[in-house]
Amino acid sequence: MESSPETTFIEWDDDRYSTDIERFDDQHRHLFGLLNDLHEAMDEGRSEEEVGDILRELERYTEYHFGDEEEFMQDCGFSMDCADCFYSHRDKHEEFAQKVSELREKHENGEYITMEVLMFARDWLDSHIAGGNQDQSYSDYYQENLTDDYEYTPGKLNRNREVEAAHPEELRDDTTAADLDVTVESKIQSGEPLSVPDGPMAAWFERVAQRYGDQDATVLPNREARKPKTFAQLFERARGVAAGLLEYGLEPGDRVGIYADPRYEWSVVDLACHLAGLVSVPISNLYPDERALHIVDDADVTAVVGEATLPVPIEQAVDIAFYIDDLPTAQSIGLPGYDRGADDVATIVYKLGTDKHPRGCTLTNRNLQAGVGMLADGLPLGTGGTGTCFLPLAHIYQRLATYYLWHTGNAVAYMNTDEFDRQLRDVQPEVLVGVPQAYQQLHDSIEERMQEMGGAKKLLSNDVARSYGAAMREGESASSGLSLKHSMAERTVFSSLREEFGLSNVEYALTGTDGIDHELLQFFWGFGLPLSEVYESTELTGLATMTAFDSHRTDTVGSPFPGTDVALAEDGEVIVRGPTVMDGYWDDEEATAYAIRDGWYLTGDVGEFTDDGRLRIVDTK
């Protein structure tokens with residue numbers, strides 16, 4: 001951005017400031033422009049809102065620019081050859097970023113911003129960019145040491161930096177994944193047979209839409225009313241968006257990032273990708289920008305669909321960015337998603353909950369259809385009900401659950417985690433899809449209501465649910481005294497609380513992504529909520545085994561889903577085989593070869609089987 005000569009606070013000079021790296025010169029000019037804009041706004045006494053907007057943009061762009069510089073230095077080798085200078089460079093960045101944040105915070109708190117602070121920012125930029133030991137240093141390195149064919153993309157992360165290990169660290173240096181065999185040491189525990197249809201997800205959803213047509217496919221609960229969308233409406237909306245994405249030049253197989261909260265439009269984009277033959281790449285907006293950028297780079301994402309708050313670094317790292325509230329549409333004729341094969345990649349999913357940059361799991365159309373079939377066979381469900389969706393749809397576990405609900409003719413209710421308890425009462429779901437943290441929150445709310453009850457009800461309900469659930473866990477009949485207390489608690493407390501919390505219709509309550517506390521399971525069993533634990537991983541399309549509510553065992557993770565084989569290797573590692581085993585890690589043959597051998601996925605967990613063939617996890621490798 002340009003400033004007039006009368007208001008220029010810091011002026012760009014090629015001879016003084018240019019690094020001869022066009023991208024960084026452009027970014028530095030932008031920082032100069034923002035500082036000039038801030039000075040001008042303050043000098044002219046413009047509104048506090050306008051000053052605040054400039055401050056927030058300065059803070060946001062500072063974060064993006066400094067991240068880009070540091071990634072460049074790591075990628076080109078500067079940090080390895082000149083480590084002291086690199087960390088000195090980082091310290092200087094942190095000093096400036098802290099000052100900019102202080103400036104923004106002072107303004108938001110109503111404090112006066114003095115010219116002294118602006119002088120600091122100007123002097124810092126001048127000394128840092130023109131200084132011989134800072135930006136000019138990596139400019140010289142870039143010019144003298146890098147070959148002419150070296151290419152660097154803004155936002156690119158060094159692949160060897162803080163990425164999950166391809167194999168255990170203790171693996172010998174002279175051993176490769178190809179040298180390793182997997183030996184099945186235990187009896188193979190198998191689920192019921194499963195039939196997986198051929199063809200792409202595009203054809204699957206068209207069949208679903210035709211079958212259920214005018215029934216509700218989605219529900220958007222709010223304080224005023226439920227706002228449903230039918231299967232026919234969802235299908236037509238997704239078709240139009242699919243055509244719109246293709247009209248922008250995207251081609252089948254191109255990767256499209258989805259960076260948004262769980263909502264109706266998220267699923268529209270997801271289904272549109274299936275119909276257009278595009279490969280969706282969910283990007284959790286819980287990730288820090290650096291991790292999100294790793295995913296964009298690693299999957300070679302061409303376009304991203306995001307909220308209005310889409311971070312600048314992500315938007316600038318892709319060719320095309322769409323806002324999810326303003327999706328492109330066009331007339332849909334002959335969509336190419338129907339031509340995709342069962343073994344073509346449908347989505348690349350990156351794990352959540354890791355402290356390092358995760359690998360992308362390539363899941364095919366067959367993987368997704370198999371997962372849908374496993375849930376449909378393992379959890380039979382009538383039509384016309386509702387299931388919850390409040391977890392990030394970047395979780396394959398939640399996303400697969402939405403497919404299962406549609407497959408069985410049920411609606412998906414997109415919910416806000418901050419209003420989870422209240423919206424449960426609005427939704428009255430038949431299927432509750434959650435994680436241990438959500439059930440802990442629900443448990444605490446229920447127990448709080450129990451404590452508010454007076455007299456005999458409070459005394460009766462206090463420990464009865466947990467005690468009765470513990471008896472169920474042992475597979476024993478409760479004592480006559482406990483059975484009588486539970487029967488009374490059910491009539492006077494539990495049934496009314498289930499109704500109050502919107503749990504009266506629940507046929508299946510699922511918990512996944514992490515192990516759940518045994519006492520929490522026992523409480524809900526005694527309370528009358530049919531809670532089942534799913535043992536899963538992203539590499540298995542979110543499914544492996546399940547502890548069914550009526551199996552009454554909290555010390556295991558249950559039995560295999562239909563179509564799935566589970567066994568133990570020589571060292572006790574749990575290995576899983578079946579149609580939900582991923583195609584592999586995206587663009588990482590070594591990690592794939594280590595993780596999948598002879599069709600078995602090595603989970604990294606150590607387990608054992610009970611006498612009745614259920615899996616128990618005892619450790620991790």
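## Helix 8 and helix 14

In this predicted model, helix 8 (residues 201-212) and helix 14 (residues 396-407) approach each other, their axes coming within 10 Å. The axes cross at roughly 40 degrees. Angles under 35 degrees would count as roughly parallel and those from 65 to 115 as roughly perpendicular, so helix 8 and helix 14 are oblique to each other.

On the side of helix 8, the contact is made by Met-201, Trp-204, Phe-205, Val-208, Arg-211 and Tyr-212. Helix 14 contributes Tyr-403, Trp-406 and His-407. Sorted by class, the residues in this contact are seven nonpolar, one polar and one charged.

Helix 14 has 12 residues, and at 1.5 Å a residue they should span 16 Å.

The buried residues of helix 14 include Ile-396, Tyr-397, Gln-398, Arg-399 and Leu-400. Tyr-403 and Trp-406 are also buried, and both take part in the contact with helix 8. Just after helix 14 comes Gly-409, which has a positive phi of about 75 degrees.

Ser-195 is found in the loop between strand 1 (189-190) and helix 8. Its relative accessibility is 67%, and a residue over 50% is exposed, so Ser-195 counts as exposed. Ser-195 and Gly-373 are 178 residues apart along the chain, while their C-alpha atoms are separated by 7.6 Å.

## Salt bridges

The model has 30 salt bridges in total. One of them joins Asp-14 and Arg-29, with 3.3 Å between the closest N and O atoms. Asp-14 belongs to helix 1 (residues 14-17) and Arg-29 to helix 2 (residues 22-43), so this pair ties together parts 15 residues apart in sequence. Asp-14 has a relative accessibility of 45% and counts as partly exposed. Arg-29, with a relative accessible area of 32%, is partly exposed.

Another salt bridge is formed by the side chains of Arg-255 and Asp-300, at 3.7 Å from N to O. Arg-255 sits in strand 4 (residues 255-259), and Asp-300 in the loop between helix 11 (289-298) and strand 6 (303-306). The two residues are 45 residues apart, and the pair links distant parts of the chain. Arg-255 has 15% relative accessibility; buried means under 20%, so Arg-255 counts as buried.

Asp-571 lies in the loop between strand 17 (565-568) and strand 18 (573-577), and Lys-621 in the segment after strand 22 (615-620). The pair therefore ties together parts that are 50 residues apart in sequence. Asp-571 is partly exposed, with a relative accessible area of 45%, and Lys-621 is partly exposed at 48%.

Some salt bridges share partners, and in this way Asp-53, Arg-56, Glu-59, Arg-104, Glu-105 and Glu-108 are joined into one network.

Conventions
Residues are numbered from 1 along each chain as its sequence is written. This is a predicted model: local features need pLDDT of at least 70, side-chain atom pairs count only at pLDDT 80 or more; totals for chains, interfaces and linings use all residues. Side-chain values use heavy atoms; hydrogens and water are left out. Axes are lines fitted to C-alpha atoms, for helices over the stretch in contact, and angles run from 0 to 180 degrees between N-to-C directions. Helices (H or I, at least four residues) and strands (E, at least two) are DSSP runs, numbered from the N terminus. Angles under 35 degrees count as roughly parallel, over 145 as roughly antiparallel, 65 to 115 as roughly perpendicular and the rest as oblique. Contact means heavy atoms within 4.5 Å. Ala, Val, Leu, Ile, Met, Phe, Trp, Tyr, Cys and Pro count as nonpolar, Asp, Glu, Lys and Arg as charged, and the others, Gly among them, as polar. A salt bridge is a side-chain nitrogen of Lys or Arg within 4 Å of a carboxyl oxygen of Asp or Glu. Buried means under 20% relative accessible area, exposed over 50%, partly exposed in between (1.4 Å probe, protein chains only). The expected span of a helix is 1.5 Å times one less than its number of residues.
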